[in-house]
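Visitor: I have not looked at this one before. Can you put it up and take me through some parts of it?

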Amino acid sequence: MPGYPVLPEGIAYGGDYNPEQWPEEVWHEDVRLMREAGVNLVSLGIFGWSLLEPEEGVYDFGRLDRIIDLLGSSGIRVDLATPTSSPPTWFRTAHPGSHLVDRAGHVVAGGSRHSFCPSSPEYAAASERIAGRLAARYAGHPAVVMWHVHNEYGWANARCYCETSAEAFRDWLRERHGDVAALNAAWGTTFWGLTYGSFHEVEPPRLAPAGQLTALQLDYARFSVDAHIANFRRERDAIRRFSDLPVTTNFMIPNCEPMDYWRWAGEVDVVSNDHYLDAGRAEGHIELAMAADLTRSVAGGRPWMLMEHSTGAVNWQPRNLAKRPGEMRRNSLAHVARGSDSVLFFQWRASRYGAEKFHSAMLPHAGTDSELWRDVVALGAELRELAPVRGSRVEAEVALVWDWESYWALELEWRPSVDLRFRERVEAYYEALWREHVTVDFVHPAADLSAYRMVVVPSSYLLTEAAGKNLHRHVEAGGHLLVSCFSGIVDENDTIHPGAYPGVLRDVLGLSVEEFHPLPENGTVAVGDDGLTGRIWSERVRLAGARTVRAFTGGPDAGHPAVTRHELGAGTAWYVATALDPGVGPDTDGDLRAILRAALDAAGVSRPRGLPDTLEILRRGRHLFLLNHGDEPVTVPGVSGTGVLDGAEYAGSATVPAGGVTVVEPAPDA
Ligand code: GAL
């Protein structure tokens, strides 16, 4: 199978390049400046469909030929895109049946990208055709090193509710359930007497008057992912007929909730991801680390590509805050530290037109006499020094369970509390681990867990029986498990597992839950007698083999277990019956970190101690990455080797400047 490395050398540096927005004389300046910045890869043609195929079936590759030749002759390689995320206006006009329809039945307007229905046969035919044409023409071109299919599947058209989609959904249901009796049984349609007499009666989960069959909604979510994957496969296979180069499509992990990237993972030759900071968020670098770890995990631990991020402000947030000095560099190197073999941006040159003219770029409107440009050039030089990092792996002893199906299920309507959110809980656990300097992988709950000392399950509401057994086996075999409230409640059809909660986890946790007692808005509950505070959730836990580590000392379950521990086989399973927050600060023993530390210690998870939690520290292959997100220099003990970026020799410790990054390669015999 084609795959890494896509470049003959080092870390890929560059970004989306949209020369179609500029007169050809500008291209020469672009290429000259790309060389100055050390750009070695650009993603080309992402939005070029209307120029390549100005009328249906009429092609003009002249401009694309010229720009690819120019880039190639300048030593800049091309990640050649299929332009299918933004069909031409003629396509929309000629094929009204392809228009995207929202949940309320409105036809979504054009004048934008992603305005097509993912199940449209007209779109399927047109996108396959243009992908095949491109592949046939450029497959052997020496500048082209990989293929970039589409752009961010599901970004704005994740689910369409038109009649074509409804028909495709019915076919998909026939395939999944076989007959309508099986569908009725799976969906529990005796509830409210919603039994279907035939597949034909099934409608997509369009806007409904009241709570809708949740299993219908889950199946629609799965069907919609499959519709996008089918579109990808069609283009990929059209390319494959002419080219063996790696094919990717840029994911949006984890910020496109409707896309189940575990399902996508096996489809691409190289996982690539787009990541943008939420600028309004304090310590956005923790969410960045989480996204990078999740991307690496979707890639099965292999190196992946950061396909897009920003040099500075984006344009689509309410307040588009610029990155602070040093932040672009830290962000870029954090992605590399967590397994990316590229640092690519949206976009090379700032655009003058349309919706994204205020989006930052490598080359800003202000031109080269700007701080941003100087930073871009400096980063290019540093990435050349990091070439030896390419291809190496990040190892983790702890895994966090992440399941998009559970994400969808927990976010559906009519749950015990609107405050208990999948993403919020995962982030709380991730943040606590990050602050403890623990490197984590993400896993699907049914995945092989044998590589991990400890597995953390933050509010994984939907867990199949198979996943429950998998977690059970992990503990019996000597692994450690930490589960938080409202996990293992329903199966894949959102049906409650039989008996007391949490169905598939009762045995492994050695307890059951008699009743949930969610807290009022902003309510808190005391846990133990040393100041721990739970939020959102309390519940009545009944022990059946586990022992109490801490009890609730207030609220509806005062005197009953809040944190428990169960020895089972050779391992240990912990349970946290409320929402604890990740304490901030180096020496905090507060809330979640108090529990986490005990569980990590019991599991024997190795990690550096005594460092401030503004310091990000992890190893990729032989290289040690130290990123200081704080305003003070930090001295890290136990560091010896050569500074890759600064050339310094470290013997016993390294001091990382405020806001700085140090990468150390240990001596060969270390
Ligand atoms: C991405 C997209 C790019 C650009 C960018 C702006 O989601 O792939 O084309 O729109 O956002 O931040």
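Visitor: How many bridges join strand 12 to strand 13, and do they run parallel or antiparallel?

Guide: Four bridges join them, and the two strands run parallel. Keep in mind that this is a predicted model. Strand 13 covers residues 480-484, and V483 in that strand stands opposite V457.

Visitor: Which way do the side chains of strand 12 point?

Guide: In strand 12, residues 454-457, M454 and V456 point one way, while V455 and V457 point the other way. All of them are buried.

Visitor: How many bridges does strand 12 have with strand 10?

Guide: Three, and the pairing is again in the parallel sense. Strand 10 spans residues 398-401. Its V398 stands opposite M454 in strand 12.

Visitor: Now strand 19. How much of it is buried?

Guide: Seven of the eight residues of strand 19, residues 561-568, are buried, so the strand is largely enclosed by the rest of the structure.

Visitor: What does it pair with?

Guide: Strand 18, residues 547-551, pairs with strand 19 in the antiparallel sense over four bridges. There, R550 stands opposite V563. Strand 20, residues 571-576, also runs antiparallel to strand 19, and six bridges join those two. L568 has G571 in strand 20 as its bridge partner.

Visitor: What sits between strand 19 and strand 20?

Guide: The two strands form a hairpin with two residues between them. In that hairpin G569 takes a positive phi near 55°.

Visitor: What about helix 14 and helix 17, at what angle do they cross?

Guide: Roughly 65°, with the axes of helix 14 and helix 17 (residues 591-603) coming within 10 Å. That makes helix 14 roughly perpendicular to helix 17. Helix 14 passes helix 17 in a right-handed crossing.

Visitor: Which residues make that contact?

Guide: A428, Y429, A432, L433 and R435 in helix 14 meet L592, R593, L596 and L600 in helix 17. By class, this contact has seven nonpolar, no polar and two charged residues.

Visitor: Which residues of helix 13 are buried?

Guide: W404, E405, S406, Y407, W408, A409 and L410 are buried. That is seven of the eight residues of helix 13, residues 404-411, so the helix is largely enclosed by the rest of the structure.

Visitor: What do those buried residues pack against?

Guide: Four helices are involved: helix 8, helix 9 (261-265), helix 10 (284-298) and helix 14 (422-435).

Visitor: One last residue. Is M146 buried or exposed?

Guide: M146 is buried, with a relative accessible area of 0%. You will find M146 in strand 4, residues 144-148.

Visitor: Which residues is M146 in contact with, leaving aside its neighbours within four places in sequence?

Guide: With those neighbours left aside, M146 is in contact with V6, L41, V78, D79, L80, L245, P246, T248, M305 and M307. Take V6 as an example: M146 and V6 are 140 residues apart in sequence, yet their C-alpha atoms are 6.7 Å apart in space.

How values were computed: Residues are numbered from 1 along each chain as its sequence is written. This is a predicted model: local features need pLDDT of at least 70, side-chain atom pairs count only at pLDDT 80 or more; totals for chains, interfaces and linings use all residues. Side-chain values use heavy atoms; hydrogens and water are left out. Buried means under 20% relative accessible area, exposed over 50%, partly exposed in between (1.4 Å probe, protein chains only). Two strands pair if DSSP finds at least two bridges between them. Contact means heavy atoms within 4.5 Å. Axes are lines fitted to C-alpha atoms, for helices over the stretch in contact, and angles run from 0 to 180 degrees between N-to-C directions. Angles under 35 degrees count as roughly parallel, over 145 as roughly antiparallel, 65 to 115 as roughly perpendicular and the rest as oblique. A crossing is left-handed if the near helix is turned anticlockwise from the far one by less than a right angle, and right-handed if clockwise. Ala, Val, Leu, Ile, Met, Phe, Trp, Tyr, Cys and Pro count as nonpolar, Asp, Glu, Lys and Arg as charged, and the others, Gly among them, as polar.
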